[in-house]
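Please open the model in a viewer and keep the selection tool at hand.

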Amino acid sequence: MFEHVVPYAGDPIFRIAAQFQADQREKKVNLTIGLYFEDDGSVPLLSCTQIAEKQWAEQKQPRTYLPMEGLATYRDAVQRLVFGADSEAYQSKRIATIQTLGGTGALKVGGDLLHEAYPDSQMWISDPAWDNHHSIFGGCGIKTNKYRYFDSQTQGVDFEGMLADISALAEHSFVLLHPCCHNPTGADLSNDQWLQLIAVLKEKKLIPFLDMAYQGFGQGLDEDAFAIREMAKAGLEFLVANSFSKNFSYYAERCGGLSIVCKDQAQADQVLGKLNAWVRKNYSNPPAHGGHAIATVLDSDELYQSWLADVTAMRARIHAMRHAVYDRLNELAPAYDASYMIKQQGMFSYTGLSIEQIMRLREEFGVYMLDSGRISVPGLTTQNVDYYAQSLAAVVS
């Protein structure tokens, strides 16, 4: 029946991660998959979510369907976290928010709505990008393109190229942006650059779609939402996808949100109805377990402070590993410019290594990263960071 269907080649991240698992060497380092690991290599289970899960379980509520848009408490908490409780857009109720199946589900539902509203518009995505962005929006029927983003010479943002490409787009083009911790490069715009870009987006009447999967892993929960909050202040109408997979270490629960900032409450109510229509066509209702837990944490002063401390600790560990690699490489390979490790931020870094160097790291040293040279920084620990630096120094010297 399906002999004519082209086989799925598999996700390259999971494919390389599987190669790591099959590697029998004692000394090996996995920098492929985007999971946050503690220094002992474990994926944390946060105490705040354990407490919240227990509180909900003890209520012994029936497991009936949630509304298509999700829990009201969850949706309100998402708006406060992403936009700020003092945001004019939040207070005037002109944001339409739904609870989604992770950040990926938010992108899909948002893409479906955009394609319905603007069937001739195309999506523009950073080069390089998370490959799944092209797949998701392509699956919505939207043609995807690339705008310049990463400068391989400076290993930072090619802001001039990015601004030039976006300035040339047709009215109502969709622009996919990362508010913080860019995946895959870790290279982010400065606040001043964001303000310049926001002015262009507004002038050209473009439709921004911001994907924030790592809030709190860059500079802080509020600092990482700078671009989103400034867009709302500037009067733009735009979409935001957010995910709790990383900052709550809650991957399996698939908790995310899609928010659309509208011109007024009446339009937000209308947009919420359209979002529900697309949810119904996709998966009907979001799951309850993780949504209840996150809403409980974000609505409790005590549990919120516990979560905030966890996010701060995770961010500090990522920063520490970045500085450890930078410091050690300055000793082992002083001619090699490792400054990207401390200029970039968040879970990922772009090393700029050639495919030959990447393959040598895998074959000779058991150090696994993606073919693009992207590393997932939380895969580094105090136990393996020196070995990684030694291995990297060996292939770049």
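The tour opens with salt bridges, of which the count comes to 14, a salt bridge being a side-chain nitrogen of Lys or Arg within 4 Å of a carboxyl oxygen of Asp or Glu. The model is a predicted one, in which local features need pLDDT of at least 70 and side-chain atom pairs count only at pLDDT 80 or more, while totals for chains, interfaces and linings use all residues. Residues are numbered from 1 along each chain as its sequence is written, and side-chain values use heavy atoms, with hydrogens and water left out.

**Salt bridges**

Select Glu88 and Arg94, whose side chains form a salt bridge with an N to O distance of 2.9 Å. Glu88 counts as partly exposed because its relative accessibility is 47%, whereas Arg94, at 9%, counts as buried.

Next, select Arg362 and Asp371, where the salt bridge spans 2.4 Å from N to O. Arg362 is buried, with a relative accessible area of 6%, and Asp371 is partly exposed at 38%.

Then display helix H14, residues 355–365, which holds both Glu364 and Arg360. Helices (H or I, at least four residues) and strands (E, at least two) are DSSP runs, numbered from the N terminus. Glu364 and Arg360 are 4 residues apart, about one turn of the helix, and their side chains meet in a salt bridge of 3.0 Å, N to O. Glu364 counts as partly exposed at 46% relative accessibility, and Arg360 counts as partly exposed at 32%.

To finish this stop, select Asp76, Arg80 and Asp299, which a network of salt bridges links.

**Aromatic rings**

How many aromatic pairs does a search of the whole structure find? The search finds 11; rings of Phe, Tyr and Trp (its six-membered ring) pair if their centres lie within 6.5 Å, and planes under 30 degrees apart count as stacked, over 60 as edge-to-face and the rest as tilted. Select Phe137 and Phe209: their ring centres are 5.7 Å apart and their planes stand at 65 degrees, so the pair is edge-to-face. Because Phe137 belongs to helix H6 (residues 131–139) and Phe209 to strand E8 (residues 207–212), the pair ties together parts that are 72 residues apart in sequence. Phe137 counts as buried at 0% relative accessibility, and Phe209 counts as buried at 0%.

Now select Tyr74, Phe244, Phe248, Tyr304 and Trp307, a cluster linked by ring pairs.

Some rings have a charge over them, a term that requires NZ of Lys or CZ of Arg within 6 Å of the ring centre and within 35 degrees of the ring normal. Lys28 lies over the face of Phe20, at 4.4 Å from the ring centre. Lys281 lies over the face of Trp278, with 4.0 Å to the ring centre.

**Helix H7**

Select helix H7, residues 159–167, whose buried residues are Phe159, Gly161, Met162, Leu163 and Ile166. Against which elements do the buried residues of H7 pack? They pack against strand E4 (144–148), strand E6 (156–157), strand E7 (174–177) and helix H8 (191–203), with contact meaning heavy atoms within 4.5 Å.

**Last selection**

Finally, select Met1, which lies in the segment before helix H1 (12–22). Met1 counts as exposed because its relative accessibility is 79%.

Terms used:
Buried < 20%, exposed > 50% of the residue type's maximum accessible area, 1.4 Å probe, protein only.
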